[in-house]
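I opened this entry to record what I looked up in the structure.

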Amino acid sequence: MAAPSPHPDGIPGSRLSGPWPVGEYASALRDRLRGFTRVQVFGELFGLKVGRAKVWFELRDRWGALPCSMWRKDWDALGLHTLGDGAVVVAAGGCDFYPGSRASSPSFSFAVSKLRVAGEGDLLAQVERLRRALADEGLFEPQKRLARPSLPRTIGVVSGEGGKARDDVLAGLRRRGWAGRIVWAFAPVQDRRAAPAITRALQDLAACEEVEVIVVARGGGSLADLFAFCDETLCRTVALLRVPVISSVGHHTDRTLIDDVAAVACSTPTHAAEAAVPVDCAAARAQLRGLAARLERRSRLAIVERARVLARLARAPADHVERHRTRLHQHARELRATARRRLETAGRHTSTTALVLERKARAASGAEQVQHARNLERLALALAAHEPQRALERGYALVEDPSGEPVTSAAAAREHAELTLRLHDGRVSVRPRP
Amino acid sequence: MSESATGTYETACTRIEEVIRRLDSGEAGLRETLELCQEGKRLVEFCAGELDAVAHGLEELRLDEMVSRLETGSRPGATAQAA
């Protein structure tokens, strides 16, 4: 350690007191500055630097500037890490002076104990600027073009670990009757660590092939509380994820930038869960049972109706033959009846005719018999006149060949060696001479 | 959600409705009717499978558990079913 420097003499002619050791003066200055009245100041924030224990920035306006410092834990509690240059803030605190040392530089700062954004209008203006920039780059559309499964098996959820949003998501999924797999990616949702942690969680979830949809859920809060969800890096990451993201940040009146870039923005975590599973599983099961029954019924009907038609067609030829058979039997019966009627009519007619004939015969029988007897007698006489025996009795002879056939010419007679002469009282054999 | 020849759950449901409408119209011939019925039954089975897949009971995993399972090569579904 270096030996203390000897106390030097003052400047000749100077009427000022001293010289004093600089450290002693610096400490006195610190004490004096700390004694200043503590006040609130406002101005635009510039040059934010975040250290391990403290953060530093400047507050400026058109008339001047003030270096400011704040303990890191107090700054983190504000969750205002997204504040950019130009944001107007109100800082409460007082003057402070670090006297420095041989090895470190002194510094003056306005030690801020409390800070708030001067007006949400400023924050909203920042958000609007970023919103326009993202919209101009077309980053609101990619997520909305992604196909969202109606029945995902695995859902990723980004939320605060102890928040109510987690319970609301589970309630929404239960309401859907969904009981698949949830992958929780817990992350801070408010302080300055929130946006990077949420971004990383989203990237990790999207890297899991099984995760089909991601819900980002956070309950209500002030715009400053929700500011992490307006982080540019986070929003750009969401816009380009392969997995659809459903956001539910804050209340329905809040509109963070993640709502714009996400596939769907919901007003509550419960609604976000329902949007992640659009199908009401219980109703879908009932509907499916109905569809299956209709399908079964229609299938059975289609076959039964066709079988009925086939059966009708198969019966048709037999029916046709049967109809013809019936008609034929009818015709046969009619024919028999007609024939019977005709026979009876003819019989009656014949009987009548016979009766008439009988009567006529009876009337004509006397004269006709006499005439017939005469005719018969005349015919008998004519026949007797032509009888050959009568010729033989008159002296004629009949020449017969050996077979008994009559020989009617001399030439025929010469052909036979022996002939028979038939006389009225017997036969005589003769031999013709040549 | 599994994507197969039957598509997604929603496309399968839409197709079932179309099949039933076609069958209800009575315009389909016997062969088409039988084919539609077969297709419809296949789609119903697919949808029932999809619904069953999200009815086994809620399984909650932390992201780090999921990642470690993936890194060790065991699929979460297989582990859950084994458990």
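This is a predicted model: local features need pLDDT of at least 70, side-chain atom pairs count only at pLDDT 80 or more; totals for chains, interfaces and linings use all residues.

**Entry: the side of chain B that touches chain A**

I next looked up which elements of chain B supply this side. At least two residues each come from α1 (9–25), α2 (30–53), β1 (59–62), α3 (63–72) and α4 (76–82) of chain B. Helix α2(B) gives the largest share, with 13 residues. I then sorted the side of chain B that touches chain A by class and found 23 nonpolar, eight polar and nine charged residues.

For the contact as a whole, I have 40 residues of chain B in contact with 41 residues of chain A. The two chains bury about 3,600 Å² between them. Of that area, 63% is on carbon and sulfur atoms.

**Entry: salt bridges**

I counted salt bridges over all chains and got 26. Across the interface of chain B and chain A, the rule finds six. I looked up two pairs by name.

- Arg294(A) and Asp24(B) meet through their side chains in a salt bridge, at 2.9 Å from N to O.
- Glu161(A) forms a salt bridge with Arg62(B), and the closest N and O atoms are 2.7 Å apart. This pair crosses between chains: Glu161(A) is in the loop between β6 (154–159) and α5 (164–175) of chain A, and Arg62(B) is in strand β1 of chain B.

**Entry: a strand pair between the chains**

Which strand of chain A pairs with β1(B), and is the sense parallel or antiparallel? I found β7 of chain A, residues 181–186, paired with β1(B) in the parallel sense over four bridges. Within this part of the model, Arg181(A) stands opposite Glu59(B) in β1(B).

**Entry: strands within chain A**

I started with β1(A), residues 39–50. Strand β1(A) runs antiparallel to β4(A), residues 88–98, and six bridges join the two. The bridge partner of Gly43(A) in β4(A) is Val89(A). Strand β1(A) also pairs with β2(A) in the antiparallel sense, over five bridges. These two strands, β1(A) and β2(A), form a hairpin with three residues between them. In β2(A), Trp56(A) stands opposite Lys49(A).

I then followed β4(A) to β5(A). They run antiparallel and are joined by 10 bridges. Here Cys95(A) stands opposite Phe110(A) in β5(A). I also found Phe110(A) as the bridge partner of Cys68(A). That belongs with the link between β3(A), residues 64–71, and β5(A), residues 107–117, which run parallel and are joined by three bridges.

I note as background that side chains in a regular strand alternate between the two faces of the sheet.

Thr420(A) has Ser429(A) as its bridge partner in β13(A).

**Entry: aromatic pairs**

How many aromatic pairs does the rule count over all chains? The count comes to two. I looked up the pair of Phe57(A) and Trp75(A), which is tilted, with 6.2 Å centre to centre and 40° between the planes. Phe57(A) lies in strand β2 (residues 54–61) of chain A and Trp75(A) in helix α2 (residues 72–78) of chain A, so the pair ties together parts 18 residues apart in sequence.

**Entry: a cis peptide bond**

Which two residues of chain A does a cis peptide bond join? I found Gly18(A) and Pro19(A), with omega at about 0°. Pro19(A) is placed in the segment before α1 (22–34) of chain A.

Key: Residues are numbered from 1 along each chain as its sequence is written. Chains are lettered from A and ligands numbered from 1 in the order in which they are written. Side-chain values use heavy atoms; hydrogens and water are left out. Contact means heavy atoms within 4.5 Å. Buried area is the accessible area (1.4 Å probe) that two parts lose on being put together, summed over both. A salt bridge is a side-chain nitrogen of Lys or Arg within 4 Å of a carboxyl oxygen of Asp or Glu. Ala, Val, Leu, Ile, Met, Phe, Trp, Tyr, Cys and Pro count as nonpolar, Asp, Glu, Lys and Arg as charged, and the others, Gly among them, as polar. Two strands pair if DSSP finds at least two bridges between them. Rings of Phe, Tyr and Trp (its six-membered ring) pair if their centres lie within 6.5 Å; planes under 30 degrees apart count as stacked, over 60 as edge-to-face and the rest as tilted.
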